[in-house]
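Dear colleague,

Please find below the sequence and the structure that I am handing over to you. My notes on what was found follow directly after it.

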Amino acid sequence: MECDLTKGKAAIIVGAQWGDEGKGKIVDVLSQSFSVVARYAGGHNAGHTVIINGKKFVLQLVPCGVLREGCRSVIGNGVVLDPIAFLKEVGALRDAGVKVDGNLFISNRAHVILPYHRMIELASENAPGRVKIGTTSRGIGPTYEDKMGRRGLRVADLLDLKLLKTHVENACREKNMIAHALFNSEPLDSDKMYEEYAEASAEIAPFVCDTALLLNQAMAAGESVLFEGAQGTMLDIDHGTYPFVTSSSATSGGAVIGTGVAPTSIDTVIGITKAYCTRVGAGPFPTEALDAIGEQIRTRGNEFGAVTGRPRRTGWLDLPLLRYAGMINGISWLVVTKLDVLDELAEIPVCVGYKVNGKETPEVPAQASGYDQIECIYTMMPGWRSSTQGITEMEKLPKAARQYLAFLEKESGARIGMVSTGPGREQTIFLEEFAAQLLGSKEHGARAQG
Ligand code: GDP
Ligand code: IMO
Ligand code: MG
């Protein structure tokens, strides 16, 4: 391929917490000024909610760009693809009148989730003596294991029926033996599996291409690309609260590996954070609020998993973790979501630092057990006790809400570019410089200030 120096903007959207920060809504809003939206990590463990004119979409594998007319969507090589889940999602989108044919592309290098991955995950999650992660049971971990173990099936191989048959027969035999020996699982039928996946293969074929080439050609032609992160920084396989993480590189670095674009092609990284904090599944959560206020936030914020329906654990904004996310991802812009959920609180605790053995530390622990040693230092911020729902201009926010945002901005070290005041597309505040950079427009509001 010839190299062209002209390129459009490339921005990465990354979750700055434990996922569910509202990435879907923000990708949807920003997709108005991008030509391509690309997913780079995870699989259908993600649940990205977009609400357009009151109509709700929960996208798991398909990038949110698909909902924007004229926008192409890419499922990159870093994603693990369950073909059956993909076809189900595409079917539901078609039924809802969304155009998917001709504008949605799957990488031929993405790895395929097969039923034995789910079988092994379920069995091992429940096995005695194993650390229970509280996964989404989608087979994500075992699929990435096979990828790294160099025994996985890629989408290109799924389309090659002869290879698919041999792979399914051999892998099934091996996985059945392992699952039986370790977990006493019932064996899976490889013939049935082959038939089902051969059928899916034919339906998937029209979506498959070399998406790295597609993205690089698009950028070379001056088109802009938005990388849609899934999960969040603290769920990243390397940088998160290991082992209570997912199995992919959810951080911004994952975007280049997971799609095949060069690090030098990325212009900006946008970190998404809630105005508070949540996590689903097991693992450390220093600012967790296990009291009635935590419950109140869960109800007001509708904090139930978009995929599994599990109640999300709730807690307070954790600035040490936000600074860590800023460092690991190179976040230049922050988007603060769900500000409206805090509307009723008289005061809002914010964790401003960590103490270990009575001494303040800028370090985030490498071990899950390290979080047990942490004592959070809290500051109480005044609440605003009035509705911010649907506000679209910074100046119209109550003073205490502006102060809260200004504090967050100052302490996080990144600029606030957008604030979300409700789940809908329009319930969004744009800050001027961000809008100018990302949307090419200067019509939107002023900077966050106290
Ligand atoms: P994602 O995984 O990061 O895309 O986030 P999810 O879609 O899993 O969870 C975010 C939830 O919050 C969804 O139900 C959104 O509709 C909702 N949401 C997003 N932004 C806002 C906001 O500013 N205010 C409120 N009240 N809800 C929001
Ligand atoms: P989005 O993209 C929140 C969590 C699971 C579990 C851990 C490992 O919607 O933000 P896995 O099935 O990936 O092996 O589970 O990761 N998890 C998420 N939590 N949002 C997500 O995605 C998540 N994807 C995985 O709850 O704790
Ligand atoms: Mg989600």
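I begin with T211, which is found in helix α8 (residues 211–220); helices here are DSSP runs of H or I with at least four residues, strands are runs of E with at least two, and both are numbered from the N terminus. T211 is buried, at a relative accessible area of 1%. On this scale buried means under 20% relative accessible area, exposed means over 50%, and partly exposed lies in between, with a 1.4 Å probe and protein chains only. Apart from neighbours within four places in sequence, T211 is in contact with V74, I75, G76, F105, I106 and S107, contact meaning heavy atoms within 4.5 Å.

Please note that this is a predicted model, in which local features need pLDDT of at least 70 and side-chain atom pairs count only at pLDDT 80 or more, while totals for chains, interfaces and linings use all residues. Residues are numbered from 1 along each chain as its sequence is written, chains are lettered from A and ligands numbered from 1 in the order in which they are written, and side-chain values use heavy atoms, with hydrogens and water left out.

The magnesium ion

The magnesium ion (ligand 3) has D20 (OD) and G47 (O) as its protein donors, at 2.0 to 2.2 Å. Donors are N, O and S atoms within 2.8 Å of the metal (3.2 Å for Na, K and Ca); water is not among the atoms, so sites may look incomplete. D20 belongs to the loop between β1 (10–15) and α1 (23–30), and G47 to the loop between β2 (36–39) and β3 (48–52), so the pair ties together parts that are 27 residues apart in sequence. G47 is buried, with 13% relative accessibility.

Helices α6 and α7

Helix α6 (residues 161–183) and helix α7 (residues 190–204) have axes that come within 9 Å and cross at roughly 145°. The axes are lines fitted to C-alpha atoms, over the stretch in contact for helices, and angles run from 0 to 180 degrees between N-to-C directions. The crossing of α6 and α7 is right-handed; a crossing is right-handed if the near helix is turned clockwise from the far one by less than a right angle, and left-handed if anticlockwise. On the α6 side the contact is made by L161, L164, K165, V168, E169 and C172, and on the α7 side by S190, M193, Y194, Y197, A198 and S201. These residues divide into eight nonpolar, two polar and two charged, where Ala, Val, Leu, Ile, Met, Phe, Trp, Tyr, Cys and Pro count as nonpolar, Asp, Glu, Lys and Arg as charged, and the others, Gly among them, as polar.

With 23 residues, α6 reaches 31 Å from its first C-alpha to its last, close to the 33 Å expected at 1.5 Å a residue; the expected span is 1.5 Å times one less than the number of residues. The buried residues of α6 include H167, A171, N176 and F183. Their cover includes α3 (115–125), α4 (140–148), α5 (155–158) and α7. After α6 comes N184, with a positive phi near 60°.

Helix α11

Eight of the 11 residues of helix α11 (residues 319–329) are buried, so the helix is largely enclosed by the rest of the structure. Among these buried residues are L319, P320, Y324 and N329. The buried residues of α11 pack against β1, β11 (268–274), β14, β15 and α12 (399–412). G330, which follows α11, has a positive phi near 70°.

Backbone points in loops

Most residues other than glycine have a negative phi, and most peptide bonds are trans. N357 is exposed, at 75% relative accessibility. Y242 and P243 are joined by a cis peptide bond with omega about 5°; P243 lies in the loop between β10 (225–228) and α9 (253–257).

Two further loop residues

S31, in the loop between α1 and β2, is buried at 1% relative accessibility. Leaving aside neighbours within four places in sequence, S31 is in contact with V37, R68, C71 and L226. E223, in the loop between α8 and β10, is partly exposed at 24%. Not counting residues up to four places away in sequence, E223 touches G8, K9, S35, R72 and A218.

Yours sincerely
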